[in-house]
Amino acid sequence: MNRMGYYDDNVLGSLTLWPVLIGLGVLPSFIYLIASINIPETPYYLLRHGRKEEALDVLTELRKNEDESVAKQEVDEIENEIGDSGKVFGIVKILKNKQYRNQLIAVFALYANLMLCGVNNILFYSDLIFKEAGISADNVTFATIGVFALQFVMALIGAKFVDRFGGLKVTIAGSIGFIVSLTLFTVSQAMVYKQNSAVSSPLRTTADERLLTNGSAFASVTHSTFTAETTSLIASAQNGANPWSFVSVLAIGIFMVAWSGGTHISTFALLGELTIEPTRATCFSYGNAVMWTTSWIVSFVPPYLQEALGPYSMVIWLGLTVFFLVYMVICIPDTKGRTTKQIQAKFGGKTDSSASLGIVLTEVESLNV
């Protein structure tokens, strides 16, 4: 049975072949294991262990298109960031300090934005929306594969955008793409729902009763509510696909481009630039907890949102995306072309000029709230 509850004997996710599908996960892990042999240690790790020359060699190789002085300057900045203590600050110290606390909040916001844009909600609906758009049931899976292939291509392109424009600008651009996509999706689903209401309404009860006896609550509720409210027009006397369903497909395409080519790839680059060595491990640990919690929420609640809000179920993700976009614009400093001190000056409530004059304390010192 595939993600949307349809049976397809040609898919590895069948009752007999699902172990093969699970086992395929070994392949990319094995490829990474072999490729990782050639991945050097990070400059931060090398400098923490007193291996400055190796760190300089690594940075020189990574910055091969720039002057060697750039790598030396970066080594000096990392050494200042690490300091003499090499300590890792715990959550209590971070919460008590304004600069560190603002780092933590920024990390939480970026991790949450990655999931609360509704990415899992979009992915769970993709098969059914493609079917509504007139794609035959036999080709729906291939259309979905095409969407995921688009993710891979956009990730490669997105990496170039991050290098050129910086992580914050790309993340903001991704959020704008989410807003456009979710707005289009909501409008299209509202129009489909409006047209369906005028044509047919009895499918909901029948589908609910049938599917609730056959599968998981998630698959059954999702399929029954979404199908009853958005496919009755397709099943009606009208011939051909509903034009608004094509708008839904376009919305999905925009969303996946914005997520995989924007926010998904830029967020992790930005996180490393916003934190400093003593706070990074703690911020990332708690930030990952936020990410996986929000990921579970976005995976679990969509059927109930669909039941309660119908075609407007995506509005909650739209609202959260707008909230995080405003926060990023106001509270997160642009890291492109800025030094660590200048970035941390923003979190500490200082100006860039004061940072450049050395007024801002080094990142490893204990600042007063």
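## Overall build

Of the protein's 369 residues, 41% count as buried (under 20% relative accessible area, with exposed over 50% and partly exposed in between; 1.4 Å probe, protein chains only). This is a predicted model: local features need pLDDT of at least 70, side-chain atom pairs count only at pLDDT 80 or more, and totals for chains, interfaces and linings use all residues. Residues are numbered from 1 along each chain as its sequence is written, and side-chain values use heavy atoms, with hydrogens and water left out.

The secondary structure comes to 19 helices and zero strands (DSSP runs, numbered from the N terminus: helices are H or I, at least four residues; strands are E, at least two).

## Salt bridges

The count comes to three salt bridges (a side-chain nitrogen of Lys or Arg within 4 Å of a carboxyl oxygen of Asp or Glu).

Lysine 169 and aspartate 334 meet at 2.4 Å, N to O. This pair links distant parts of the chain, 165 residues apart. Lysine 169 sits in helix H10 (residues 167-197), and aspartate 334 in the loop between helix H17 (315-331) and helix H18 (340-347). Aspartate 334 is buried because its relative accessible area is 19%. Lysine 169, at 42%, is partly exposed.

Arginine 280 pairs with glutamate 277 at 3.0 Å, N to O. Both lie in helix H15 (residues 277-300), three residues apart, about one turn of the helix.

Glutamate 54 and arginine 51 form a salt bridge at 2.9 Å, N to O. Glutamate 54 is partly exposed at 39% relative accessibility. Arginine 51 is also partly exposed, at 31%.
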